[in-house]
Amino acid sequence: MKLENPTGTALYSIEKAIKEYRKLAQKNIAKVVKDITVDQCLVLIILNDNQDIAQNELANLVFKDNASITRMIELMVKNEYLIRTIHQEDRRKFNLVITSKGIKTLELIQPVIQINRQTALDGLSLEEIALLDKTLNKIIINCKNK
C-alpha cells in the first residue's frame, strides 16, 4: 500500500508540489541548456533585473545560505554564465555581470519557464490561483519571525 500523504497535512502536499515542479522545470530546462540548474537560472533572472543586488539579498531570494550562494556563483563563473569582479568602493563586495552565454541562456529558458508554469497551473482558474497565492502568503506570514 502506497501512502500519498503520510502526514495527512497540506504542508506535505505543498512540499511535494514544489519538488514535483522543480523536477519538471529541471527536466525541461535541461532540454535547451545542459549545464545549468533551476536555481542557477533563477540567479540569472534576478541578476538580469537587479544588476547591483547584494550577494546576501540574492541568497535570500533563491532560498540559499551565504555559503551555498557563494559556491553557486563560483560554479556559474567557472561555467561562464557570470563574471565576478571586485567592487570599486568596497573591496569586500563583488560585482556580478551576466556573460553573453548567460544572456543567451536567459533567452533560451524564457519560453521553457512559461511552458513550465502553464503545465503546473493547468486546470486552475484565475480565482483558484489567486486563492492559492493568498493562502500560501498567509502561511509564509505565520511562519516568519516566529
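Analyst: The account below takes the pockets in turn and then the loop residues.

The structure is a predicted model, in which local features need pLDDT of at least 70, side-chain atom pairs count only at pLDDT 80 or more, and totals for chains, interfaces and linings use all residues. Residues are numbered from 1 along each chain as its sequence is written, and side-chain values use heavy atoms, with hydrogens and water left out.

The largest pocket holds about 1,700 Å³ of space. A pocket here is an open set of points, on a 1 Å grid over the protein atoms alone, where a 1.4 Å probe fits, with protein on both sides within 12 Å along at least five of seven lines; lining residues have an atom within 4 Å of a point. Grid points are joined across faces, edges and corners, and the volume is the space filled by probe spheres set on the points. The lining comprises 34 residues, and Ile18, Tyr21, Arg22, Phe63 and Leu136 are the closest to the pocket centre. Two or more lining residues come from each of helix 1 (10–32), helix 2 (38–49), helix 5 (100–121) and helix 6 (126–143). Helix 1 gives the largest share, 10 residues. Helices (H or I, at least four residues) and strands (E, at least two) are DSSP runs numbered from the N terminus. By class, this lining has 24 nonpolar, three polar and seven charged residues; Ala, Val, Leu, Ile, Met, Phe, Trp, Tyr, Cys and Pro count as nonpolar, Asp, Glu, Lys and Arg as charged, and the others, Gly among them, as polar.

Phe63, one of the residues closest to the centre of that pocket, is found in the loop between helix 3 and helix 4 (66–78). Its phi is near 60°, a positive value in a residue other than glycine. Phe63 counts as exposed because its relative accessibility is 73%, where exposed means over 50% relative accessible area (1.4 Å probe, protein chains only).

A positive phi, near 65°, also belongs to Glu80, again a residue other than glycine. Glu80 lies in the loop between helix 4 and strand 1 (82–86) and counts as exposed at 51% relative accessibility.

The second largest pocket has a volume of about 260 Å³. Its lining includes Leu47, Gln51, Asp52, His87 and Lys93. Helix 3 (55–61) and strand 2 (94–98) each supply at least two lining residues, and strand 2 gives the largest share, three residues. This lining divides into five nonpolar, five polar and two charged residues.

How values were computed:
Buried < 20%, exposed > 50% of the residue type's maximum accessible area, 1.4 Å probe, protein only.
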